[in-house]
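Student: I would like to learn how to read a structure that I have not seen before. Please take me through it step by step.

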Protein chains: 2
Amino acid sequence: MLTRIDHIGIACHDLDATVEFYRSTYGFEVFHTEVNEEQGVREAMIKINETSDGGATYLQLLEPTREDSAVGKWLAKNGEGVHHIAFGTADVDGDAADIRGKGVRVLYDEPRRGTMGSRITFLHPKDCHGVLTELVTSAAVESAEH
Amino acid sequence: MLTRIDHIGIACHDLDATVEFYRSTYGFEVFHTEVNEEQGVREAMIKINETSDGGATYLQLLEPTREDSAVGKWLAKNGEGVHHIAFGTADVDGDAADIRGKGVRVLYDEPRRGTMGSRITFLHPKDCHGVLTELVTSAAVESAEH
């Protein structure tokens, strides 16, 4: 069951400049940064609020580390902006299987590693009214439940 | 001060079909619907979670009521997808003035009426790294504070 907006993924050309925009304009501070080589992104997480399911909602700022990454190709086509939205769930495997069973294309056979040790998968935007949609189970929820 | 993700605004061609997608795929139910003639949209709010500032985060599904509305023009250019993100604040007037003072273009001279009696304004996406950004003070917060 999807129980929160986990994050909004925003693609940018220059992560440092974009982080500085969010800091100087709104006062938002970076909560976490990492490089995900598999996804081909350098990313900064900004925590905006906590959520009623015990999680939190973040902005995820994404700079491609290579032009042929998914985010790099998306940026070249669309320019900077909202790249995807992510719903949090305690059971990404179960929800992905359920959603696949409804005929929505799930992009990975098995969930992959996401930010801060989470496990993630994506739904095809053409099956989701144009919205690239991520499902994410955070590491904290996993360790509490397994 | 911006204290939550209030909603993610998603533009669609057919509101009823998109509501049905979110219901049948994820189990999400519509919390509220309305027509905003000033904005030229018919909209459905889906509450996803409550937030640590006493508010909530919604998906806001938007179908244009006329082709020359902002959302109508955006849809014609971009197709369905994420149209804007909205931050919640107890003081949209103060935050908009503060942000305008930093050189970011605020689209309205004064906040206008948003969903469920809220007061809203928008920041120019070209000043926000490609993200059309809304600021919103909900009616509930207003009535509690004024």
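Tutor: Start with a definition: a polar contact is a pair of N or O atoms within 3.5 Å, and within protein one must be able to donate a hydrogen and the other to accept it. Keep in mind that this is a predicted model.

Student: Which side chain does A:Gln39 join in a polar contact?

Tutor: The side chains of A:Gln39 and A:Tyr108 are joined by a polar contact of 2.9 Å. A:Gln39 lies in the loop between β2 (32–36) and β3 (41–50) of chain A.

Student: Is A:Gln39 buried or exposed?

Tutor: Its relative accessible area is 17%, and buried means under 20%, so A:Gln39 counts as buried. Apart from neighbours within four places in sequence, A:Gln39 is in contact with A:Arg66, A:Ser69, A:Tyr108, A:Ile120 and A:Phe122.

Student: How is the size of an interface expressed?

Tutor: It is often given as the accessible area lost when the parts come together. Here chain B and chain A bury about 3,000 Å² between them, with 68% of it on carbon and sulfur atoms. B:Ile5, B:Tyr26 and B:His129 supply 21% of the area that chain B buries against chain A, more than any other three residues.

Student: Which elements of chain B give two or more residues to the side that touches chain A?

Tutor: They are β1 (2–11), α1 (15–26), β3 (41–50), β4 (56–64) and β5 (81–89) of chain B. The largest share, 7 residues, comes from α1(B). By kind, the residues on this side of chain B divide into 19 nonpolar, 12 polar and 5 charged.

Student: How many salt bridges and polar pairs are there between the chains?

Tutor: The count between chain B and chain A is 0 salt bridges, while 12 residue pairs are in polar contact. B:Thr18 is buried, with a relative accessible area of 0%.

Student: Where do nonpolar side chains tend to be in soluble globular proteins?

Tutor: They tend to be buried together. In this model the largest nonpolar core has 56 residues, of which A:Tyr22, A:Phe87, B:Tyr22 and B:Phe87 touch the most other members. Leaving out residues up to four places away in sequence, B:Tyr22 touches residues of both chains, among them A:Phe87, A:Cys128, B:Ile10 and B:Leu59.

Definitions and conventions
Residues are numbered from 1 along each chain as its sequence is written. Chains are lettered from A and ligands numbered from 1 in the order in which they are written. This is a predicted model: local features need pLDDT of at least 70, side-chain atom pairs count only at pLDDT 80 or more; totals for chains, interfaces and linings use all residues. Side-chain values use heavy atoms; hydrogens and water are left out. A nonpolar core is a set of buried Ala, Val, Leu, Ile, Met, Phe, Trp, Tyr and Cys residues joined through side-chain atoms within 4.5 Å. Buried means under 20% relative accessible area, exposed over 50%, partly exposed in between (1.4 Å probe, protein chains only). Contact means heavy atoms within 4.5 Å. Buried area is the accessible area (1.4 Å probe) that two parts lose on being put together, summed over both. A salt bridge is a side-chain nitrogen of Lys or Arg within 4 Å of a carboxyl oxygen of Asp or Glu. Helices (H or I, at least four residues) and strands (E, at least two) are DSSP runs, numbered from the N terminus. Ala, Val, Leu, Ile, Met, Phe, Trp, Tyr, Cys and Pro count as nonpolar, Asp, Glu, Lys and Arg as charged, and the others, Gly among them, as polar.
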